[in-house]
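Hello,

Here is the structure for you to look through. Please open it first, then read my notes below.

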Amino acid sequence: MESALIVSGTDKGITYFTDLLTTASIGQIVALSSCSEARRVLLERDFDLVIVNAPLRDESGIEFAQRVASQGVSQIVLIVKNEYFDAVSSACEEYGVLTVPKPVDKAFFWSAIKLAGAAQNKLKRMQVENSKLKQKIEDIRIVDRAKCLLISYQNMSEQEAHRCIEKQAMDMRATRREIAERILRTYKN
């Protein structure tokens, strides 16, 4: 992880978590004392990790952690008092928020950070794969539209239209999508 946002209502909490994250070689650390400040910063940029030391000055921090987890790709670690740990943990599980009880045991916290990092890496890989799949679907749609135009205007069969696009792609050393886009431009005029 390269960047982290710490949201803590106390200076002691900010110092403690900043020191822990600095030790973990996280280079960009932003520390804020309220959820409203954190929301403004999150509108401007993303963080790999968000640590919420609840309760905060302007709210409990639980809803903030849930909202951040559901809106972005940041991994969230929510620090709560031990007596609330079970209830808060079960309420936040469905959002993917990792919950750590106070007082914070350094070994347990490091485990949570490692889990958050592993989840972050997996999520990033899935996003890349998702983007590739969306691109493939879009390519197929464009090629299919081009085939439909060839079928309509050139009286080709679906197989002939498919072969025509494939042959042009090979002959011109272009992708099927590029050929399909040329066909779409030709018949739109």
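A salt bridge here is a side-chain nitrogen of Lys or Arg within 4 Å of a carboxyl oxygen of Asp or Glu. Keep in mind that this is a predicted model.

Salt bridges first. The structure has ten of them. One joins the side chains of Asp 48 and Lys 124, at 3.4 Å from N to O. This pair ties together distant parts of the chain, 76 residues apart. Asp 48 sits in the loop between helix H2 and strand S3, and Lys 124 sits in helix H5. Asp 48 is buried, at 11% relative accessible area. Lys 124 is partly exposed, at 39%.

Another salt bridge pairs Asp 144 with Lys 147, with the closest N and O atoms 3.8 Å apart. Both residues lie in helix H5, about one turn from each other. Asp 144 is partly exposed, whereas Lys 147 is buried. There is also a network of salt bridges that links Glu 138, Arg 141 and Arg 145.

Now the cysteines. How many disulfides are there? The count is zero. The sulfur of Cys 148 has its closest cysteine sulfur in Cys 164, 14 Å away, so the two are too far apart for a bond.

Last, helix H7. Its buried residues are Ile 179, Ala 180, Ile 183 and Leu 184. They cover an arc of only 140° around the axis, so they lie on the same side of H7. Arg 185, Thr 186 and Lys 188 are exposed on the other side. Helices H5 and H6 are among what covers the buried residues.

Best wishes

Notes. Residues numbered from 1 in each chain as written. Predicted model: local features only at pLDDT ≥ 70, side-chain atom pairs only at ≥ 80, totals over all residues. Heavy atoms only, no water. Disulfide = S-S within 2.5 Å. Buried < 20%, exposed > 50% of the residue type's maximum accessible area, 1.4 Å probe, protein only. Helix = DSSP H or I, 4+ residues; strand = E, 2+ residues; numbered from the N terminus. Arc of directions from axis to C-beta. Contact = heavy atoms within 4.5 Å.
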